[in-house]
Each structure stands twice: as C-alpha cells, then as structure tokens.
Amino acid sequence: MTKLGAKEKYHAMTRDLMWEPKHFDMKKVYPLIEKEGIILKDPSRWEDPFRMAYNQYVKIQSEKDGIYHAVSNAFEANDGHAKVVDSRWYEGVKIFAVNVQPGEYSAHRIMAYIGRNIPIEAIRFATFNQAIDELRHAQIEIKHYAHMSKQIDGLHNIPATSQNLWLNTVVKSFFDDAMTAGPFEALIAISFAFEYVFTNILFLPFASSAGAVGDDNFAAVGKTVQSDESRHMALGMSALKMLLEEDERNVPIIQGWLDKWYWRGYRMFSVISMLVDYYPRIRPISWKKAFETYVEEQVFNGLFKDLRKYGITLPKFAGDSIKEKEYYSHTVFRILDQYKMANPYRSFKLQEDDYEWLHNEYPKFDQFAPILRRNEEDVFANTSPGLPAVCSVCQLPAEFPNPDSPLELWTQYSEYNGHTYMTCSPGCKHVFDREPEKYTQSWWPAEAYLSGELGEDPIAGMFKYSGLSPEETGEHYTSREHARWLEHRRHLGLDKKLF
Amino acid sequence: MMSEKQAYVGMDLDTSMGSITNALIAAIEEDNEGVIVEDFAVYKKVKAPGKMVVNRETVEEHLGADFDMDQVHLAMSSCFGFIKDWDEEQLIIQWDEA
C-alpha cells in the first residue's frame with residue numbers, strides 16, 4: 001500500500017465529517033445559519049490551508065507541550081524567579097495571568113459554538129482543533145499561574161482572580177460580545193480581530209520583553225501559545241476570503257464586523273501597550289514599533305491591500321489607532337496608576353533609566369513625565385478618590401485623551417431609552433450605537449461597589465469579593481513583595497547593585 | 001496607510017528551536033529574493049516581498065539531516081500572508097494582490 005501524501009491524507013481523514021440530515025430539516029439543525037444575512041453558495045470548495053489531520057495534530061501538539069514544560073521546569077528548578085532583572089516585571093505578568101486564561105477558556109467555548117453552527121466541513125474541523133488549542137493554552141497559563149503563585153502574591157485565589165476583578169470585565173466583555181453574536185460574526189471576531197491582528201503583539205513582542213528581563217518561563221508560554229495562533233490566523237484569513245467570495249452581498253456585512261471588531265480588539269489589547277513599554281526594565285521593542293510592524297505593516301499594508309479587490313477598506317477607526325500609538329501606553333499607565341489602590345497588581349515609581357528610555361522612544365512622553373514624577377514624593381500622589389467611570393463598550397476607564405487635541409478627553413455620549421451612556425472614544429461609541437441593547441446590560445464590579453451591593457464597608461467588601469488584600473495593591477518598590485524578592489536574592493548570593 | 005509600499009510575507013521563528021530555525025532561515029534566504037531577517041532575541045522575523053517558498057530539500061541541505069515539513073509547525077510561532085500550499089515538499093506563503 002502506498003503512503004498517502006499530505007493532501008490525500010487530509011481529505012481521507014476529514015471527509016464525511018458533514019452530512020445532510022435525512023430525517024430533520026437542515027434549518028432546524030442549524031437554526032442560526034441564515035440569521036446574520038450571510039449568503040453561502042458552494043462553501044464545500046473551501047479548504048483549510050494547514051490541511052492538518054487529527055493524528056498529525058496530536059503528535060505536533062504533544063511535542064510543543066514537551067518543549068514548553070522542559071523550559072518551565074528548568075526555570076523553576078533554577079530559582080529563575082529571583083534572577084529576573086527587576087521584580088516589578090511580575091506585576092505586569094500578573095495582569096496577563098489573571099486575564100488571559102479566562103479569555104482562552106471563553107475562546108474554546110466560542111470555537112465549539114462556531115463549529116456546531118456552521119455546517120462547512122473544513123470550518124468544523126479547523127474550529128474543532130482550535131477549541132482544543134484554546135483549552136491547551138488555558139491549561140498552560142493555569143500552570144504558569146500556579147508556578148508564579150509559589151513566589152508572588154496576589155495569585156492565591158484563581159476563581160476570584162479569574163472573574164471578580166474589575167480588569168477581568170474588560171476581557172470578559174470582549175468574549176461575551178463574540179459569544180452572543182451569530183456564528184459568522186463570532187468567527188470574524190476571534191479569528192480576525194483577536195487572532196490575526198492582535199495576538200502577535202501579546203505573545204511575541206511581550207515574550208521578547210520576557211526574554212530580555214530573564215523570564216524564560218513566560219517567553220516559552222508566549223511562543224508555544226502563538227505557534228497555534230498561526231493556524232488560527234490561517235483559518236481566519238481563509239474564512240474571511242471565502243465569505244467575501246461566496247456572494248457580494250456579504251461584503252458590507254463583513255465590513256461592518258471588521259470595523260467593529262478591529263476596534264474591540266485594539267481596545268482590549270490597550271493594556272499590552274503598557275506591559276511592553278513600562279513593566280520590563282530592559283525593553284527590546286516599544287508598543288509603537290510593535291504596532292507598526294504587526295498592525296500597520298502586516299495587516300493594513302498586507303492583508304487589507306489584498307482584500308481591496310472585494311471592495312473591503314481599512315477598518316473604520318484604523319486611523320484613530322495609528323494616531324493613538326504615540327500616547328497609548330502612557331495613557332493606560334497613567335489611568336491605571338490613578339487606581340492603584342484597587343488594582344489586582346501594583347503600579348511602580350519610574351526609575352531614571354525608565355524616564356530616559358520613554359523620552360527617547362516617544363517625543364510625546366514629556367507631557368506625561370511631570371505627572372509621573374509626583375510619585376517620587378508620595379507613591380499615592382496621583383490616586384483618584386473612588387473608582388473610575390468606565391466605557392460602556394470596552395469597560396476601560398473613559399479617560400483617554402483625544403489624540404488630535406491631547407488636553408481634551410475623548411469621552412463620547414449616546415442616548416438610549418432615556419439614559420445617557422458614556423464611551424471612551426468614537427470607535428467605542430460607533431460599536432455602542434450599532435447595538436445599544438447589547439451594551440446596556442453589563443454588570444460592572446465598580447458600579448456594584450458604588451451602589452452598596454458589596455456591603456456597608458464597600459472597600460472591605462470589594463477586597464472580599466476580589467479575594468485580594470490591600471497589601472497586594474499599591475506600589476511595587478515600597479511593597480513587601482519587593483522586599484521579599486530582594487531577600488530571596490540575598491539568600492542566593494545574587495548581586496543587588498540595581499537597588 | 002494604504003500606500004503602494006511593498007507588502008511582505010513571512011514568519012516569526014522560535015529561536016529555541018536552534019538548528020531547525022537556523023536551517024529554515026538559511027533555506028529561505030537561498031530560495032527567495034530580497035529576504036530580510038530581524039532579530040527579536042526569543043524569535044526571528046524572516047520576510048520576503050510578496051511571496052516566500054520553503055523547500056524541504058534546501059532545509060535538509062542546511063540542516064544536514066532529514067527534515068519533515070511538519071517540523072515547521074514547531075518552529076513557526078507566527079506567520080503573515082496567505083498559506084497557498086503546504087505539503088511534504090514545500091510551503092508557499094503569499095499575498096495575491098498586495
């Protein structure tokens with residue numbers, strides 16, 4: 001018997017995963033297929049470019065897991081935690097640890113939902129693989145969380161830190177929005193906006209920061225996860241092309257989703273700008289450079305040029321995101337620094353080398369520097385009383401400056417059912433105004449706090465709800481965590497010249 | 001933004017894959033015109049204008065060992081461009097009209 005080639009093997013092992021039901025009406029089996037207005041003529045000709053059969057998939061994935069666990073175990077056995085350049089790095093990684101694994105778990109559910117509801121063989125098989133991938137990512141990230149929790153505070157209560165923190169709401173709103181959309185919209189949301197446009201920046205430049213500060217464990221998490229994302233991106237791009245080619249009436253529907261989900265993804269990833277530009281003491285790349293490489297060059301100047309032939313244009317708010325790149329990380333750091341008494345990780349006092357790097361990379365940083373310098377006298381000098389008003393769409397504090405006129409807030413207002421709703425930017429206002437009934441239903445921990453839902457002593461109630469203690473918030477260099485890390489280094493006989 | 005600037009295709013290769021990543025880069029440089037390699041320490045970005053071909057035979061020459069095209073999955077942390085073909089002999093990434 002001759003061995004099958006890659007193409008024949010794929011066809012042999014994935015065919016007949018779809019069949020036409022004889023005893024049930026197709027429309028009853030797949031009730032959502034016509035709800036979004038997408039027209040399909042002959043989608044069976046569509047193929048997954050990766051052509052990966054299940055036995056091949058399992059073999060490759062187990063090798064990837066082996067590589068990751070080897071790095072992770074070696075890091076732990078060699079006191080890797082004590083040897084990073086500066087322990088403030090881990091405050092940034094905490095934001096990753098508490099937010100990304102619940103997101104991955106949601107992505108796994110969304111992929112299963114898409115595969116269940118779109119009766120196209122190749123999409124089913126690719127989303128089935130992707131659903132398993134997302135579970136693998138969640139598991140690796142939970143292992144990483146467990147590893148960090150042995151050395152670092154704030155990570156002792158995974159059920160609470162995966163859903164009760166106010167920051168969790170940002171990620172949850174993105175994935176819940178996709179999960180409550182139709183299956184085709186969900187596919188564009190996850191495979192295009194999340195996977196193709198933005199996961200690169202999360203898992204590659206940020207992994208590169210990890211490598212630079214000596215956190216090989218986190219770098220390995222990033223690379224093993226992202227190695228699956230290239231398959232997900234291929235799915236997203238092929239599905240996008242397939243939908244555009246099936247019928248020209250699909251084009252305006254897809255354009256609307258690209259406009260919405262580009263901005264949703266961009267805002268959810270705003271915190272990454274701060275993680276790349278602020279938390280690493282040694283920075284291999286800036287947010288601005290990462291955005292130019294991965295979004296402007298690879299997406300706008302690559303993918304979108306290719307999609308022009310279908311009548312697709314750049315996402316509606318692409319220009320706003322390009323303007324914001326000069327301010328993004330500083331804005332996010334400043335906003336979050338104001339609420340450091342309530343955040344699930346610590347802010348930190350910038351050091352002289354930080355001011356220098358930020359000044360050299362970003363001409364506009366000098367507008368922010370005097371505010372951040374106030375932390376030198378009193379680490380709580382910039383904190384705001386209470387909690388911020390958040391954007392009704394992205395759930396981040398609505399405190400972004402207008403990039404055309406940075407002394408003004410960019411906050412927007414919409415009227416719906418006799419109430420006024422606030423959004424952080426024209427991009428989020430556009431998303432809100434498309435489906436206001438969707439975005440007026442969110443429950444936000446800070447509102448619960450203000451309305452007394454968390455008890456008579458709201459601050460104590462909030463900490464009880466989030467599972468954290470006040471000692472786990474605030475400023476890093478003055479914290480017990482930093483003192484413990486220095487003590488650990490002294491115990492190991494490592495140098496302490498930086499402090 | 002939507003300029004007539006050359007669009008590149010390419011991939012981000014994990015440097016912890018050592019000799020495999022080095023052989024992939026050497027093979028890509030040999031079989032494609034205008035290749036640019038950027039070093040981000042934990043990964044290397046290798047890109048080419050419009051189209052990139054990876055041939056198994058060329059990778060084997062540089063690796064000095066047998067190479068299975070499935071091993072690309074282990075080294076390729078990310079890619080950009082449409083995957084046009086991927087079988088046991090070659091991988092082609094390209095933009096159609098960019």
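Okay, let's start with a pair of helices in chain B: H1(B) and H2(B) sit oblique to each other. Before I go on, please keep in mind that this is a predicted model.

So what's the angle between H1(B) and H2(B)? The helices pack at about 125 degrees, and their axes are 8 Å apart. Angles from 65 to 115 degrees would count as roughly perpendicular and those over 145 as roughly antiparallel, so at about 125 degrees the word for this pair is oblique. If you want to find the helices on screen, H1(B) covers residues 18–31 and H2(B) covers residues 56–63. The crossing of H1(B) past H2(B) is right-handed.

Which residues make that contact? On the H1(B) side we have Ser19(B), Ile20(B), Ala23(B), Leu24(B), Ala26(B), Ala27(B), Glu30(B) and Asp31(B). H2(B) answers with Thr58(B), Val59(B), His62(B) and Leu63(B). Sorted by type, the residues where H1(B) meets H2(B) come out as seven nonpolar, three polar and two charged.

Now let's zoom out to the rest of chain B. Overall, chain B has three helices and seven strands. Reading from the N terminus, the order is β-α-β-β-β-α-α-β-β-β. How does the radius of gyration of chain B sit against that of a compact globule? For 98 residues you'd expect a value near 13 Å, and chain B has 13 Å, so the two agree. Buried residues are 47% of the 98 in chain B. And if you take the contacts in chain B between residues at least 6 apart in sequence, 63% of them link residues at least 24 apart.

Over to chain A. Here we're looking at 23 helices and four strands. Its radius of gyration is 23 Å, close to the 23 Å from the globule rule for 499 residues, so chain A is as compact as a globular protein of that length. The box around the C-alpha atoms of chain A is roughly 75 × 65 × 45 Å, again along the principal axes. In chain A, 50% of the 499 residues are buried. Of the contacts in chain A with a separation of 6 or more, 77% are between residues 24 or more positions apart.

How do the chains meet? Chain A puts 38 residues into the contact and chain B puts in 30. Which elements of chain A give two or more residues to that side? They are H1 (6–14), H3 (54–77), H10 (205–213), H11 (216–246), H14 (287–307) and H15 (318–324), each a helix of chain A. H11(A) gives the largest share, with eight residues. By type, the chain A side that touches chain B has 18 nonpolar, 11 polar and nine charged residues.

While we're in chain A, here's another helix pair. H13(A), residues 270–277, and H16(A), residues 328–338, cross at roughly 95 degrees, with axes coming within 8 Å. That makes H13(A) roughly perpendicular to H16(A). From H13(A), the residues involved are Ser270(A), Val271(A), Ser273(A), Met274(A) and Asp277(A). They meet Tyr328(A), Ser329(A), Val332(A), Phe333(A) and Leu336(A) of H16(A).

Let me finish with a couple of single residues. Tyr68(A) is in helix H3 of chain A. Is Tyr68(A) buried or exposed? It's buried, because 22 other C-beta atoms lie within 10 Å, and the cut-off for buried is 20 or more. Leaving out residues up to four places away in sequence, Tyr68(A) touches Ile140(A), Ala220(A) and Thr224(A). Tyr68(A) and Val221(A) are 153 residues apart along the chain, and their C-alpha atoms are 6.8 Å apart.

Then there's Ala160(A), in helix H7 of chain A, residues 158–163. Ala160(A) has 17 C-beta neighbours inside 10 Å, so it counts as partly exposed. Setting aside neighbours within four places in sequence, Ala160(A) contacts Ser466(A) and Gly467(A). From Ala160(A) to Ile335(A), 175 residues apart along the chain, the C-alpha separation is 23 Å.

Definitions and conventions:
Residues are numbered from 1 along each chain as its sequence is written. Chains are lettered from A and ligands numbered from 1 in the order in which they are written. This is a predicted model: local features need pLDDT of at least 70, side-chain atom pairs count only at pLDDT 80 or more; totals for chains, interfaces and linings use all residues. The radius of gyration is taken over C-alpha atoms; the globule rule is 2.2 Å times the number of residues to the power 0.38. A residue is buried if 20 or more other C-beta atoms lie within 10 Å of its own, exposed if 12 or fewer, and partly exposed in between; C-beta atoms are placed from the backbone. Two residues are in contact if their C-beta atoms, placed from the backbone, lie within 7 Å. Ala, Val, Leu, Ile, Met, Phe, Trp, Tyr, Cys and Pro count as nonpolar, Asp, Glu, Lys and Arg as charged, and the others, Gly among them, as polar. Axes are lines fitted to C-alpha atoms, for helices over the stretch in contact, and angles run from 0 to 180 degrees between N-to-C directions. Angles under 35 degrees count as roughly parallel, over 145 as roughly antiparallel, 65 to 115 as roughly perpendicular and the rest as oblique. A crossing is left-handed if the near helix is turned anticlockwise from the far one by less than a right angle, and right-handed if clockwise.
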